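Reader: I would like to learn how to read the packing of helices in a model such as this one. Could we go through it step by step?

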Amino acid sequence: MNIFMGIMVPFLGTAAGAAGVFFLKGEINSLTQKLLLGFASGVMVAASVWSLLIPAMEMSEGMGKLAFIPAAAGFLAGILFLLLMDHCVPHLHLDQEEPEGPEKPRKSLAKSTMLVLAVTMHNIPEGMAVGVVYAGAVAGNMEISIAGAMALSVGIAIQNFPEGAIISMPLIGSGIGKWKAFLYGVLSGVVEPIGAFLMILFASRLMPALPYLLSFAAGAMIFVVVEELIPESSQGEHSNLGTIGFAAGFVIMMILDVALG
């Protein structure tokens, strides 16, 4: 039950954010969006370091001074994997401009749909990260505890909240009903528990490669932060709000991981 709840927590964070369509009017204020995106960035960076990269290097201590190799190789593989997906899978970046002119509603809807695909694609490494960490905890790995795995789940759920809202709210302006917009936001997070479950299912076969998988998930998450979240949070005026949000998210995730890990 603890494992089931752990892999569902990030999905619930996305669903809670998507539910904002029932309580908020219009799209999220740009200043609030900058703050939330910065916060999400801070959470993901801290989670990548404390929950993924550091455990990966600790598991490789037997390699002596070469203990960095699994973490470095997995991290770069994660970056390259997301770079390939970013190039091959049709989607839009968060900072692309809204279309203008008479065709704006139709094009705006197309953009919102593509953003759902983008967030769904970027949720895959987050689901993998949760699954890999829980797989390590279940296997009795000394560097990973159930509490530490839950800290990662909670951290990702916190950063998923603004993502769910940022996806669902613009859909209302595109002419989609509230329930359908909510459903689109929820569906963008479905890949997370699925990815986590698959990682746990094949845990016994994955254990030898666990340091590489942890750092792979970290690299993929950092790619999302650098490619999508930070550029959007620092665009235009009041970019310092994104920085403030980043600092708050980083510190909260760091506290969660150290206190619960």
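Reader: Among contacts in the protein chain between residues at least 6 apart in sequence, what percentage join residues at least 24 apart?

Author: Before the answer, please keep in mind that this is a predicted model. Of the contacts in the protein chain between residues at least 6 apart in sequence, 85% join residues at least 24 apart.

Reader: How should I read the angle between two helices, and at what angle do helix 1 and helix 7 pack?

Author: The general idea is that angles run from 0 to 180 degrees between N-to-C directions, and that those over 145 count as roughly antiparallel. Here helix 1 (residues 2-18) and helix 7 (residues 191-201) pack at about 160°, their axes lying 8 Å apart. Helix 1 is therefore roughly antiparallel to helix 7, and the crossing between the two is right-handed.

Reader: Which residues of helix 1 and helix 7 meet?

Author: From helix 1 come Ile3, Ile7, Met8, Pro10, Phe11 and Thr14, and they meet Glu192, Pro193, Ala196, Phe197 and Ile200 of helix 7. By class, this contact of helix 1 with helix 7 holds 9 nonpolar residues, 1 polar and 1 charged.

Reader: With which residues is Ile200 in contact, leaving aside its neighbours within four places in sequence?

Author: Ile200, which is found in helix 7, is in contact with Ile3, Ile7, Gly131, Tyr134 and Ala135 once those neighbours are left aside. Ile200 and Ile7 are 193 residues apart along the chain, yet their C-alpha atoms are separated by 9.9 Å.

Reader: Where do the buried residues of helix 7 fall when one looks down its axis?

Author: The buried residues of helix 7 are Glu192, Pro193, Gly195, Ala196 and Met199. Viewed down the axis of helix 7, they fall within an arc of 160°, so they line one face of the helix.

Reader: For a second case, how do helix 3 and helix 9 cross, at what angle and with which handedness?

Author: The axes of helix 3 (residues 68-88) and helix 9 (residues 210-233) come within 6 Å and cross at roughly 45°, and the two helices are therefore oblique to each other. Their crossing is right-handed. The contact of helix 3 with helix 9 has 17 nonpolar, 4 polar and 3 charged residues, with Gly74, Phe75 and Gly78 among those of helix 3 and Phe216, Gly219 and Phe223 among those of helix 9.

Methods
Residues are numbered from 1 along each chain as its sequence is written. This is a predicted model: local features need pLDDT of at least 70, side-chain atom pairs count only at pLDDT 80 or more; totals for chains, interfaces and linings use all residues. Side-chain values use heavy atoms; hydrogens and water are left out. Helices (H or I, at least four residues) and strands (E, at least two) are DSSP runs, numbered from the N terminus. Angles under 35 degrees count as roughly parallel, over 145 as roughly antiparallel, 65 to 115 as roughly perpendicular and the rest as oblique. A crossing is left-handed if the near helix is turned anticlockwise from the far one by less than a right angle, and right-handed if clockwise. Contact means heavy atoms within 4.5 Å. Ala, Val, Leu, Ile, Met, Phe, Trp, Tyr, Cys and Pro count as nonpolar, Asp, Glu, Lys and Arg as charged, and the others, Gly among them, as polar. Buried means under 20% relative accessible area, exposed over 50%, partly exposed in between (1.4 Å probe, protein chains only). The arc is that of the directions from the helix axis to the C-beta atoms.
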